Amino acid sequence: MTRRVLILGGTGEARELAACAVSDLSGKLEVVTSLTRQPPPERTPAGGLRIGRFADIEDFAQTLASEAIDLVVDATHPFAETISMQAYAACIRSEKLILSLQRPPWNMPRSAKWTEVPDMKTVAEVLPRFARRVFVTTGRRDLEVLNDAPKVEPEMWYLVRLHTAPAEALALPNHHLITGSGPFSKDGEAALIKEHAVDTLIVRESGGRAGQAKIDAAVDAGLHVVLISRPDPEPGNSVETVVDALTWLDQQS
């Protein structure tokens with residue numbers, strides 16, 4: 001009997017898992033990927049597609065029932081706390097099996113100068129100790145908190161990279177906005193660091209191969225890396241690789 005798996009996507013690992021499951025487990029598993037918005041053609045995952053957010057845990061549980069979902073793989077971004085919580089709670093309520101695909105953390109080279117902090121509020125507090133020109137790669141969320149950083153001379157300047165340009169100007173003075181979606185190469189990141197003469201990198205501990213390039217480029221250039229810690233994951237079964245997630249799916253199908 002064919003079972004249905006819902007992959008919570010939006011990451012490269014989710015697309016890779018969907019492609020492998022469709023290819024290797026055809027006839028045993030029907031794959032559906034859930035995304036918040038319609039992806040561009042080059043990022044559309046293999047198999048079926050569900051578009052839209054879940055309103056709450058109850059909405060998620062109702063979707064599991066109405067779509068006859070048997071298995072769930074949470075392959076979302078490590079900082080996607082809300083959807084991970086909803087998925088775990090809904091699966092417990094619905095007695096469905098769920099696996100978390102958690103990409104491994106980055107390898108911080110021995111020569112790295114880095115500070116780990118819990119949130120952007122703490123980032124703003126520590127920046128003036130060592131930063132003046134800052135490369136921000138954390139996304140748009142909580143950027144305005146950087147305005148609370150203690151004033152220094154020369155004034156703090158920010159290079160902000162977002163996936164797409166926002167509809168409204170960022171609430172952050174003295175900044176330059178660039179857009180782009182990874183994966184980025186180490187050489188490309190190094191060139192960006194040199195062009196804008198940045199001395200500090202702010203990054204969320206997203207982990208994975210795709211983001212290692214900016215860490216390596218920053219360390220080679222002698223930048224101070226401010227690392228925002230991951231939120232605690234939901235309990236339950238978890239793996240770090242697509243291969244292990246595919247094995248788990250094979251065992252359940």
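Let's start at Ser26, which sits in the loop between helix 1 (12-24) and strand 2 (29-35). Helices here are DSSP runs of H or I with at least four residues, strands are runs of E with at least two, and both are numbered from the N terminus. Ser26 counts as exposed because its relative accessibility is 58%. For that label, exposed means over 50% relative accessible area, buried means under 20%, and partly exposed is in between, using a 1.4 Å probe and protein chains only. Thr2 is 24 residues away from Ser26 along the chain, with 8.9 Å between their C-alpha atoms.

A quick word on what we are looking at. This is a predicted model, where local features need pLDDT of at least 70, side-chain atom pairs count only at pLDDT 80 or more, and totals for chains, interfaces and linings use all residues. Residues are numbered from 1 along each chain as its sequence is written, and side-chain values use heavy atoms, leaving out hydrogens and water.

How confident is the predictor? pLDDT is its confidence in each residue, from 0 to 100. The mean pLDDT of the protein is 94, and 100% of its residues reach 70 or more. Confidence is lowest in helix 6 (residues 209-220), at a mean of 90, and highest in strand 4 (residues 71-74), at 98.

Now the whole protein. It has seven helices and 12 strands, and its C-alpha trace spans about 65 × 35 × 35 Å along the principal axes. Of the 253 residues, 45% are buried. If we take contacts, meaning heavy atoms within 4.5 Å, between residues at least 6 apart in sequence, 72% join residues at least 24 apart.

Back to helix 1, where we also find Ala19. Ala19 is partly exposed, because its relative accessible area is 37%.

Finally, some backbone details. Most residues other than glycine have a negative phi, and most peptide bonds are trans. With a relative accessible area of 45%, Ala68 is partly exposed. Asp142 also has a positive phi, near 70°, and belongs to the loop between strand 7 and strand 8. Its relative accessibility of 32% makes Asp142 partly exposed. Pro154 is in the loop between strand 7 (133-136) and strand 8 (157-162), and the peptide bond from Glu153 to Pro154 is cis, with omega near -5°.

Definitions and conventions. pLDDT is the predictor's confidence in each residue, from 0 to 100.
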